[in-house]
Amino acid sequence: MAQVESRNRATSSEEARREVLKRVEDEHVDFALLWFTDIEGHLKSFAITPGELQDALDDGMGFDGSSITGFNAIEESDMVAIPDPATFQLMPAANGGHRVARMICDVVTPDGKPYEGDPRHVLRGALERMQTMGFDTFNVGPELEYFLFEDNTGVETLDEGGYFAMTTLDAATELRQETIHALESMGIPVEYAHHEVGPSQHEIDIRFASALDMADHTITYRLIVKEIAARNGVYATFMPKPILGENGSGMHTHQSLFTGGRNAFFDADDPWHLSDTGKAFIAGQLRHAREIAAVFAQWVNSYKRLVPGYEAPVYVAWSQRNRSALIRIPLYKPGSEQATRAEIRCPDPACNPYLTFAALLHAGLEGIEQGYELPDPMETNLYHLTPEQRRERGIISLPETLGEAIDELATSDLARKALGPHIFDRYVELKRKEWDEYRVQLSSWELERYLPVL
């Protein structure tokens with residue numbers, strides 16, 4: 001029950017700070033990058049020299065928060081980035097380049113209080129709620145998909161390979177392997193990698209970890225994938241739906257709660273091997289899925305992926321085998337009790353992982369706390385049901401647009417609790433602005449369809 005608390009002590013301990021300074025000296029580090037994200041999950045970074053590192057570790061480094069999306073206005077803009085020594089890693093070295101390390105920061109106000117607009121702080125808050133309910137760890141294992149294109153001006157693919165392709169059609173096998181080496185050099189363990197369903201679409205799966213570590217891994221993963229692609233003269237994108245008529249990129253996320261080293265989701269006597277805790281957790285995510293959709297699918301483009309027919313989940317239901325359901329329970333293998341988990345399939349890889357993991361955890365905890373009942377599983381292919389049949393079964397859909405998702409979010413008490421008032425208000429404002437900008441645009445489809453006949 002003390003995992004997050006002990007992590008906080010470790011990150012501020014004198015011993016941890018000394019260890020970082022020693023590594024910087026031993027590894028001949030030239031620069032240290034300090035990272036954090038804005039509320040949309042865009043990575044922010046600034047560099048300091050080794051001579052400034054001790055002061056940064058002790059007291060943090062000040063910066064102008066008014067220039068960061070979703071942070072404070074200019075009249076209250078002073079922020080301080082406190083590096084977390086536990087996140088110290090060397091960046092993959094470019095040929096002949098400088099030795100560069102990175103640390104991920106917690107953002108605080110000048111008086112040292114956690115900044116409510118820091119997404120990392122939001123996830124810490126969700127983990128604290130989890131602890132008060134008697135759980136030690138929220139493990140997550142996201143599967144991030146991405147595309148490789150010739151450049152960032154179009155969608156010219158590198159291959160026409162399909163799922164698990166291992167032929168000359170998969171033009172990026174060596175590039176994937178280079179990316180895996182880079183990830184592992186930064187302490188991010190990789191389970192497996194493969195070509196995905198779409199042309200030039202790829203997936204590298206990270207081994208599960210506790211939620212805070214995994215959110216840190218996720219922002220690192222996205223940068224490393226893009227940097228290795230750029231070094232090889234191509235462009236990597238986590239855009240959810242870049243190619244019309246092809247599968248989009250998802251971030252299927254495996255989740256489990258642990259207490260005292262035991263999986264709280266497992267029950268050997270249950271037909272699905274799910275405990276009451278696991279069932280209530282899943283019920284919470286199903287009940288609140290529409291409300292938090294704007295967090296795990298935060299872009300206009302996200303809802304071009306969440307449509308029937310492209311393996312993306314649309315209907316709010318759960319199943320053991322049915323991949324058209326929002327949440328899937330991977331089949332239990334005897335002796336693998338610790339692996340019992342719920343796989344939620346709706347997030348996309350362009351989300352803010354700190355806010356997404358926080359919202360998912362709060363939704364699941366709400367189900368446990370309130371004793372939500374889990375509905376029966378849906379083993380039928382939900383895409384094959386008619387609207388009337390889905391209504392008869394009580395199956396609702398995720399929002400169809402970002403505008404609809406923001407309307408759901410804006411009235412959600414659960415989302416306000418999860419994000420905190422500061423981020424909640426700014427997030428709703430920011431996403432409504434994005435939707436308003438999009439909906440007034442004229443597309444080539446409209447001109448081609450209507451101009452000749454109207």
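This is a predicted model: local features need pLDDT of at least 70, side-chain atom pairs count only at pLDDT 80 or more; totals for chains, interfaces and linings use all residues.
User: At what angle do helix H7 and helix H12 pack?

Analyst: Two packed helices are described by the angle between their axes and the distance between the axes. Helix H7 covers residues 276-296 and helix H12 covers residues 413-439, with the axes 12 Å apart. The crossing of H7 and H12 is left-handed. The packing angle is about 35°.

User: Which residues of H12 are met by residues of H7, and what is the make-up of the contact by class?

Analyst: On the H7 side, the residues in contact are His-288, Glu-291, Ile-292, Ala-294 and Val-295. On the H12 side, they meet Leu-414, Ala-415, Leu-419 and Tyr-427. By class, this contact between H7 and H12 comprises seven nonpolar, one polar and one charged residues.

User: How many disulfides does the structure hold, and which cysteine sulfur is nearest to that of Cys-351?

Analyst: The structure holds zero disulfides. A disulfide requires two cysteine sulfur atoms within 2.5 Å. For Cys-351, which is in no disulfide, the nearest cysteine sulfur is 10 Å away. That sulfur belongs to Cys-346.

User: Is Cys-351 buried or exposed?

Analyst: A residue counts as buried when its relative accessible area is under 20%. The relative accessible area of Cys-351 is 0%, so Cys-351 is buried.

User: Where does Thr-356 lie, and which residues does Thr-356 touch beyond four places away in sequence?

Analyst: Thr-356 is placed in helix H9, which spans residues 353-370. With a relative accessibility of 1%, Thr-356 counts as buried. Leaving out residues up to four places away in sequence, Thr-356 touches Val-295, Phe-296, Pro-347 and Cys-351.

User: How far apart are the ring centres of Tyr-146 and Phe-238, and what is the class of the pair?

Analyst: A pair of aromatic rings is described by the distance of the centres and the angle of the planes. The structure holds nine aromatic pairs. In the pair of Tyr-146 and Phe-238, the centres are 5.6 Å apart and the planes stand at 55°. Planes under 30 degrees apart would count as stacked and those over 60 as edge-to-face, so this pair is tilted.

User: Why does the pair of Tyr-146 and Phe-238 tie together parts apart in sequence?

Analyst: Tyr-146 belongs to strand E7 (residues 137-149), whereas Phe-238 belongs to the loop between strand E11 (235-237) and strand E12 (251-259). Tyr-146 is buried at a relative accessible area of 0%, and Phe-238 is buried at 6%. The pair therefore ties together parts that are 92 residues apart in sequence.

User: What is the phi value of Ser-200, and what is that of His-273?

Analyst: Ser-200 lies in the loop between strand E8 (190-195) and strand E9 (201-206), and counts as buried at 0% relative accessibility. His-273 lies in the loop between strand E13 (262-263) and H7. Neither residue is a glycine, yet phi is positive: near 60° in Ser-200 and about 60° in His-273.

User: Where does Glu-27 lie, and how far apart in space are Glu-27 and Arg-99?

Analyst: Glu-27 is found in the loop between helix H2 (14-26) and strand E1 (31-37). At 28% relative accessibility, Glu-27 counts as partly exposed. Glu-27 and Arg-99 are 72 residues apart in sequence, and their C-alpha to C-alpha distance is 7.9 Å.

User: Which residues does Ala-350 touch beyond four places away in sequence?

Analyst: The place of Ala-350 is the loop between strand E16 (342-344) and H9. Its relative accessible area is 18%, so Ala-350 is buried. Setting aside residues up to four places away in sequence, Ala-350 touches Glu-40, Arg-222, Phe-238, Pro-240, Gln-298 and Trp-299.

Methods: Residues are numbered from 1 along each chain as its sequence is written. Side-chain values use heavy atoms; hydrogens and water are left out. Axes are lines fitted to C-alpha atoms, for helices over the stretch in contact, and angles run from 0 to 180 degrees between N-to-C directions. Helices (H or I, at least four residues) and strands (E, at least two) are DSSP runs, numbered from the N terminus. A crossing is left-handed if the near helix is turned anticlockwise from the far one by less than a right angle, and right-handed if clockwise. Contact means heavy atoms within 4.5 Å. Ala, Val, Leu, Ile, Met, Phe, Trp, Tyr, Cys and Pro count as nonpolar, Asp, Glu, Lys and Arg as charged, and the others, Gly among them, as polar. Buried means under 20% relative accessible area, exposed over 50%, partly exposed in between (1.4 Å probe, protein chains only). Rings of Phe, Tyr and Trp (its six-membered ring) pair if their centres lie within 6.5 Å; planes under 30 degrees apart count as stacked, over 60 as edge-to-face and the rest as tilted.
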